[in-house]
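Subject: The two-chain model, and what turned up in it

Hello,

Here is the structure I promised to pass on. Have a look at it first, and then read on for what I found.

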Amino acid sequence: MTDTTLDSATVSTDPLLSVEDLHVSFGRGNATVQAVAGITFALRQGETLGLVGESGCGKSTTGRAIVQVEKATSGKITFGDTELTSLSRGDLRTLRTQVQMIFQDPISSLNPRRRVIDIVSEPLTIWKIGSKEERVETSRAMLDQVGIDPYVNGSRRPREFSGGQCQRISIARALVLKPKLLVCDEIVSALDVSVQAQILNLLQDLKQQYNLTILFIAHDLAVVKNVSDRVAVMYLGRLCEIAPSDLLYETPAHHYTAALLASAVEPDPEAPRTSAALTGEPPSPINPPSGCRFRTRCPRAEARCAEEVPEMREIGPSHQVACHFPLGS
Amino acid sequence: MSGRRLLDVEDLHVSFATSRGSLRAVQGVSLSLDQGKTLGIVGESGSGKTVLSRAIMGLLPRASTTQTGSVRYNGTEILNAPNNELRKLWSTHIAMVFQDPMTSLNPVQRIGNQITEPLKIHLKLSKGEAKETALSLLMQVGIPSPVERYEAYPAQLSGGMRQRVMIAIALACAPRLLMADEPTTGLDVTVQAQILDLLSQLQHEREMAMILVTHDLGVVATRTDEIIVMYAGNVVERAPTNVLFKSMAMPYTEALLKSTPRIADPSHTRLTAIEGRPPDLLNPPSGCPFSPRCPYAQEKCHLEKPPLVEAAPGHSYACWYPLTASNPAATPDPVSA
């Protein structure tokens with residue numbers, strides 16, 4: 001049932017979204033937090049890019065900057081032919097029909113006082129798409145697609161549903177306008193594993209059906225590998241490494257990627273027992289280390305790493321890494 | 001010294017009085033734990049794993065819960081024991097690391113005070129001795145510059161640091177049994193590995209028994225001696241860790257494992273999701289609690305609840321049609337699959 005061939009066939013080489021030297025900072029003066037400190041990547045039409053990293057690395061801020069919930073401090077975000085950071089509010093509003101986001105907490109991201117069918121049809125109402133009957137019809141079909149029976153459950157309110165069902169409703173709401181790009185921010189981290197599998201499978205099916213391009217932000221390495229065509233690893237506001245999923249997990253080139261993989265637990269007693277590959281915690285983003293941001297915890301760090309910021313460079317087919325001394329070289 | 005029986009739980013039932021009737025959160029659980037061993041309790045939300053661990057500790061509210069059965073610690077019955085009896089056990093014999101390090105610490109008390117409190121109350125240490133012990137505990141749990149952290153408030157520490165403080169508090173009075181309820185949930189993977197290493201190391205040094213409660217099969221796979229799988233308030237399978245992963249017999253255990261994504265699998269591997277959701281504990285089904293979602297369920301499964309039977313030494317499961325090669329019934333039923 002796995003369909004990797006179909007996946008790669010629908011991935012084209014034109015970028016749907018490109019992010020160039022994106023910076024997002026909060027606060028000012030001495031207390032400026034550089035949540036995102038200059039990252040560049042592109043999302044090809046029809047692909048799923050996983051963005052993985054630990055809390056505070058700036059992965060969510062990146063997602064929020066792309067949907068323009070957070071203002072970029074500098075840098076460019078280009079969607080199709082449109083540069084998003086300089087758009088007027090009106091133009092940006094139109095664009096939001098094509099870029100949608102799904103959030104982490106399934107229950108609190110739905111209005112508790114509204115009926116499910118109204119939650120899903122609201123985007124259509126706002127854009128005055130179709131007659132009232134047509135909107136209800138479209139919303140019902142959408143709910144049906146995500147596995148919520150619209151006739152039995154359409155008039156219920158979010159609190160009557162479980163977390164997994166609320167996440168299905170959030171997906172229906174995000175897809176009802178038929179967006180091109182979907183930003184998923186930790187959408188399964190609050191769910192039980194059995195429900196998580198349901199949602200991941202659903203997302204995979206809908207991606208095929210609607211030819212979606214997905215930015216999948218999560219901290220769980222196994223989940224990210226499962227859904228993504230390519231994976232980008234972030235640390236303290238910067239990208240460490242981007243590569244096709246299987247390649248990245250098999251032959252990580254950045255020392256941080258390798259440490260992350262070594263720390264992950266697998267449901268297999270025969271697997272080598274993981275032990276902490278890193279000590280301590282990431283330094284403060286208010287005062288990040290000079291040069292490579294990972295150097296303070298990196299086993300391979302040398303003097304050069306403190307002086308020179310490693311730039312992203314190609315080390316293999318579509319495998320990029322930002323490290324002076326990558327693994328396996 | 002390992003091998004001595006420390007904890008014995010027999011036919012433990014816990015139910016909560018709710019406005020819609022009695023919610024049977026734990027329905028007849030038996031388990032035992034020897035000194036120095038680690039038991040994993042695995043289950044999804046609502047399976048009763050947290051209620052079970054709190055019932056063992058005696059932490060559930062008396063007014064709204066009914067608890068029957070037996071919990072014996074070192075041979076002494078502690079279920080429904082009065083609080084002043086339990087207080088003698090807490091910290092010095094049984095201690096707990098709670099799930100949420102963000103909210104389990106007192107936000108308006110300095111870290112130092114929270115660690116020295118049990119030392120002063122239970123071990124009757126003087127202020128100076130308690131501080132000295134607390135500082136060495138902070139060092140043992142891997143907190144950098146403990147002298148400064150001693151004066152800090154919880155809000156000044158990261159999640160991983162707070163969990164280390166929780167562990168230091170739990171270990172302060174050298175308990176014989178440590179209950180860890182989702183000790184790493186919500187922590188980053190690199191910090192999770194650090195905390196799990198720390199727990200294993202301290203457990204080894206102190207010959208402490210541990211109950212590790214988690215939803216993550218990955219956490220228990222390499223760090224426990226025995227695993228109990230819970231579903232809808234029942235133990236559905238119990239086995240030594242290696243046996244469980246190698247020859248699981250209960251379809252729920254298999255389903256749980258198959259729905260967990262693995263790093264070892266190639267990208268886009270289709271996960272086997274468990275359709276539906278766990279039963280309502282106010283109206284549990286009459287048969288096997290997993291039967292409405294089980295791909296192998298037969299008529300008998302919907303009618304009669306299977307008992308937990310020991311099929312091989314140490315390996316018990318509650319299933320009419322277990323997943324063994326010799327069982328012809330263990331093929332997916334086309335009607336319910």
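A word on domains before anything else: the domain bounds used here come from an automatic or database domain assignment. With that in mind, the centres of domain 1 and domain 2 of chain B, taken over C-alpha atoms, are separated by 27 Å. Please remember throughout that this is a predicted model.

**The two domains of chain B**

Domain 1 of chain B covers 5–224, and domain 2 covers 231–317. Where they meet, 16 residues of domain 1 of chain B are in contact with 14 residues of domain 2 of chain B. On the domain 1 side, the elements that give two or more residues are β2 (21–34) and α8 of chain B. Of these, β2(B) gives the most, with 7 residues. By type, that side of domain 1 of chain B divides into 6 nonpolar, 7 polar and 3 charged residues.

**The sheet that β2(B) belongs to**

In chain B, 4 strands form an open sheet in the order β2-β1-β4-β5, with antiparallel pairing. The edges are taken by β2 and β5 (76–77) of chain B; each has a single partner strand, so one side of each is left without a neighbour in the sheet. Strand β4 (residues 65–73) of chain B is joined to β5(B) by 2 bridges, and the two run antiparallel. If you want to find the spot, B:Tyr73 has B:Thr76 in β5(B) as its bridge partner. Helix α1 (residues 49–57) of chain B packs on this sheet and touches β1 (5–18), β2 and β4 of chain B. The direction of α1(B) makes about 70° with that of β2(B).

**The nonpolar core**

Which residues have the most contacts inside the largest nonpolar core? They are A:Leu215, A:Phe216, B:Ala168 and B:Val236, in a core of 188 residues. Helix α6 (residues 159–171) of chain B provides the largest share of this core, 8 residues. Domain 1 (5–224) and domain 2 (231–317) of chain B both give residues to the core, so it lies between them. As background, nonpolar side chains tend to be buried together in soluble globular proteins.

Leaving out residues up to four places away in sequence, B:Val236 touches B:Val229, B:Met230, B:Tyr231, B:Met250, B:Tyr252, B:Phe290, B:Tyr317 and B:Ala318. One of these, B:Tyr252, is also among the buried residues of helix α10 (residues 251–258) of chain B. What covers them includes α8 (193–210) of chain A, together with α8 (217–221), β9 (226–231), β10 (234–240) and α9 (241–246) of chain B.

**Where the chains meet**

The contact between the chains takes 42 residues from chain A and 41 residues from chain B. On the chain A side, the elements that give two or more residues are α1 (4–10), α8, α9 (221–227), α10 (245–250) and α11 (255–263). The most comes from α8(A), with 6 residues. The chain A side divides into 19 nonpolar, 14 polar and 9 charged residues.

For α11(A), the buried residues are A:His255, A:Tyr256, A:Thr257, A:Ala259, A:Leu260 and A:Ser263. Their cover includes α9, β9 (230–235), β10 (238–244) and α10 of chain A, together with α7 (189–206) of chain B.

**A buried strand in chain A**

Is strand β3 (residues 48–52) of chain A enclosed or open? 5 of its 5 residues are buried, so β3(A) is largely enclosed by the rest of the structure. A:Thr48, A:Gly50 and A:Val52 are buried on one side, and A:Leu49 and A:Leu51 on the other. Strand β3(A) runs parallel to strand β8 (residues 213–218) of chain A, joined by 5 bridges, and parallel to β9(A), joined by 4 bridges. A:Gly50 has a bridge partner in each: A:Phe216 in β8(A) and A:Val231 in β9(A).

**Two partly exposed residues**

A:Ile315 lies in strand β11 (residues 313–316) of chain A and is partly exposed, with 18 other C-beta atoms within 10 Å. A:Gly280 lies in the loop between α11 and α12 (303–307) of chain A, and counts as partly exposed with 14 C-beta neighbours inside 10 Å.

Best wishes

Key
Residues are numbered from 1 along each chain as its sequence is written. Chains are lettered from A and ligands numbered from 1 in the order in which they are written. This is a predicted model: local features need pLDDT of at least 70, side-chain atom pairs count only at pLDDT 80 or more; totals for chains, interfaces and linings use all residues. A nonpolar core is a set of buried Ala, Val, Leu, Ile, Met, Phe, Trp, Tyr and Cys residues joined through C-beta atoms within 7 Å. A residue is buried if 20 or more other C-beta atoms lie within 10 Å of its own, exposed if 12 or fewer, and partly exposed in between; C-beta atoms are placed from the backbone. Two residues are in contact if their C-beta atoms, placed from the backbone, lie within 7 Å. Ala, Val, Leu, Ile, Met, Phe, Trp, Tyr, Cys and Pro count as nonpolar, Asp, Glu, Lys and Arg as charged, and the others, Gly among them, as polar. Two strands pair if DSSP finds at least two bridges between them. Axes are lines fitted to C-alpha atoms, for helices over the stretch in contact, and angles run from 0 to 180 degrees between N-to-C directions.
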